[in-house]
Amino acid sequence: MAESLIYLAAVIVGLAFMLALYRFLMGPSVADRVVAFDVLTIVATSAIVLVAYVEGRGIYLDVALVYALLSFLGVIVVARYVERGF
């Protein structure tokens, strides 16, 4: 039962990644692309956490935490840049 839930979570994460990637590439505005980039980083963090659970390696959780913090800062920087104009 647990394996099928992990498999389902991986499929959902993959689908979310594909949808966010589509919005990132085809987004009509810069704001759409910034939000899609934020979603991509959240989905990637979720994927790292899933891999940490499947592999049984706690160090990957540290990697996911650092990645989430850096991606948050990156999105804030890009949002500030977009807010001020090009």
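Visitor: Is Thr45 buried or exposed?

Guide: In this predicted model, burial is read from relative accessible area, and a residue counts as buried when the value is under 20%. Thr45 has a relative accessible area of 15%, so Thr45 is buried.

Visitor: Where does Thr45 lie, and which residues does Thr45 touch, not counting those up to four places away in sequence?

Guide: Thr45 belongs to helix H2, which covers residues 30–55. With residues up to four places away in sequence left out, Thr45 touches Ala64, Tyr67 and Ala68.

Visitor: How are the axes of H2 and H3 placed?

Guide: One reads the approach of the two axes together with their crossing angle. The axes of H2 and helix H3 (residues 59–84) come within 9 Å and cross at roughly 175°. An angle over 145 degrees counts as roughly antiparallel, and H2 and H3 are therefore roughly antiparallel to each other. Residues of H2 that make the contact include Phe37, Thr41, Thr45 and Ile48, while those of H3 include Ala64, Tyr67, Ala68 and Ser71.

Visitor: Which residues form the nonpolar patch on the surface?

Guide: Tyr22, Phe24, Leu25, Met26 and Phe37 form this patch, and together they have about 510 Å² of accessible area. H1 gives the most to the patch, with four residues. Phe37, in turn, has its place in helix H2.

Visitor: Why does Phe37 count as partly exposed?

Guide: The partly exposed class lies between the buried limit of 20% and the exposed limit of 50%. Phe37 is partly exposed because its relative accessible area is 34%. Phe37 is also among the H2 residues that make the contact with H3.

Visitor: What is the accessibility class of Leu15, and how far apart are Leu15 and Val43 in space?

Guide: Leu15 lies in helix H1, residues 2–26. Residues over 50% count as exposed, so Leu15, at 53% relative accessibility, is exposed. Leu15 and Val43 are separated by 28 residues in sequence, and their C-alpha atoms are 9.7 Å apart in space.

Visitor: What does the secondary structure of the whole protein come to?

Guide: The protein has three helices and zero strands, and its elements run α-α-α from the N terminus on. Along the principal axes, the C-alpha trace spans about 50 × 25 × 15 Å.

Visitor: How many residues does the protein have, and what share counts as buried?

Guide: The protein has 86 residues, of which 17% count as buried. The protein exposes about 6,400 Å², and carbon and sulfur atoms supply 74% of this area. Among contacts between residues at least 6 apart in sequence, 43% join residues at least 24 apart.

Definitions and conventions
Residues are numbered from 1 along each chain as its sequence is written. This is a predicted model: local features need pLDDT of at least 70, side-chain atom pairs count only at pLDDT 80 or more; totals for chains, interfaces and linings use all residues. Side-chain values use heavy atoms; hydrogens and water are left out. Helices (H or I, at least four residues) and strands (E, at least two) are DSSP runs, numbered from the N terminus. Buried means under 20% relative accessible area, exposed over 50%, partly exposed in between (1.4 Å probe, protein chains only). Contact means heavy atoms within 4.5 Å. Patches are made of residues with over 30% relative accessible area and no salt bridge: like charges are joined within 9 Å, nonpolar side chains (Val, Leu, Ile, Met, Phe, Trp, Tyr) within 5 Å. Accessible areas come from the Shrake-Rupley method with a 1.4 Å probe; for residues, only the protein chains shown count as cover. A salt bridge is a side-chain nitrogen of Lys or Arg within 4 Å of a carboxyl oxygen of Asp or Glu. Axes are lines fitted to C-alpha atoms, for helices over the stretch in contact, and angles run from 0 to 180 degrees between N-to-C directions. Angles under 35 degrees count as roughly parallel, over 145 as roughly antiparallel, 65 to 115 as roughly perpendicular and the rest as oblique.
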